[in-house]
Amino acid sequence: MAQFRMNGSKMLAVDLGGETIRALNGSMVAYEGQMSFKRQGISGGEGLRGALKRRIAGEGMTLMEISGQGTVYLASEATEVTLVPLTGDTLFVESESLLALDGNLQTGVHFVGLRGMGTGQGLATTKVEGHGTVAILSEGTAIVLEVTPQSPLCVDPHAYVCHHGQLQQDVVTDVNWRTVIGQGSGESVQFRYQGHGLVYVQPSERGGILEI
């Protein structure tokens with residue numbers, strides 16, 4: 001299996017010994033050894049049906065396949081990188097927050113309805129499942145928050161990065177939260193997580209507060 005390791009907080013180094021990984025198209029900044037790069041088309045793990053679902057859902061993610069012998073260095077606009085290990089579970093992640101993943105991990109589209117309105121990514125998010133490592137991006141160091149049955153969590157959709165575990169996600173509105181920060185009339189949308197798992201958030205918002 002490819003070895004994912006951090007090279008500072010904003011660059012990912014992946015050691016390959018013949019394996020294949022998938023990474024955000026255009027994220028390669030340097031490599032050592034013999035590498036080949038192939039942009040994924042509709043045959044890149046999802047097929048035509050998956051590509052059409054992603055297009056309809058508005059979930060935009062373009063990946064490239066990287067394989068070979070050596071080390072490849074990946075980064076995206078000097079944003080922070082965090083490694084998330086998966087051991088047979090499923091990670092739900094905003095497409096713009098996905099930097100790289102082990103080639104054996106499966107990806108797909110997860111329809112979430114109104115939740116997608118919070119980040120402008122459409123009505124879906126990216127689902128990654130299997131055994132391996134996922135590298136995610138965040139504006140500032142990602143903060144990992146634990147959710148337990150006794151402690152549900154509410155998150156600003158513009159700060160949400162990803163989550164995994166046995167979690168139920170709901171969209172809720174909170175007039176008081178919007179009133180406190182003085183953003184005028186209208187209700188604000190939050191994501192509420194219940195169950196047991198981890199939610200990753202970034203200390204920066206992608207845009208303004210969503211009104212419905």
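Predicted model: local features only at pLDDT ≥ 70, side-chain atom pairs only at ≥ 80, totals over all residues.
Local features required pLDDT of at least 70, side-chain atom pairs counted only at pLDDT 80 or more, and totals for chains, interfaces and linings used all residues. Residues are numbered from 1 along each chain as its sequence is written, and side-chain values use heavy atoms, with hydrogens and water left out.

The structure holds 3 aromatic pairs. Rings of Phe, Tyr and Trp (its six-membered ring) pair if their centres lie within 6.5 Å; planes under 30 degrees apart count as stacked, over 60 as edge-to-face and the rest as tilted. Tyr160 and Phe191 form an edge-to-face pair, at 5.9 Å centre to centre and 80° between the planes. Tyr160 belongs to strand β11 (residues 160-173) and Phe191 to strand β12 (residues 189-201), so this pair ties together parts that are 31 residues apart in sequence. Strands (E, at least two residues) are DSSP runs, numbered from the N terminus. Tyr160 is buried, at 0% relative accessibility. Phe191 is also buried, at 0%. Buried means under 20% relative accessible area, exposed over 50%, and partly exposed in between (1.4 Å probe, protein chains only).

Tyr160 also pairs with Tyr193: the ring centres are 6.1 Å apart and the planes lie at 15°, so the pair is stacked. Tyr193 lies in strand β12, and its pairing with Tyr160 of strand β11 ties together parts that are 33 residues apart in sequence. Tyr193 is buried, at 0%. Ring pairs link Tyr160, Phe191 and Tyr193 into a cluster.

The count of disulfides (cysteine sulfur atoms within 2.5 Å) is 0. Cys154 is partly exposed, at 43%. Cys162 is buried, at 0%.

How values were computed. Helix = DSSP H or I, 4+ residues; strand = E, 2+ residues; numbered from the N terminus.
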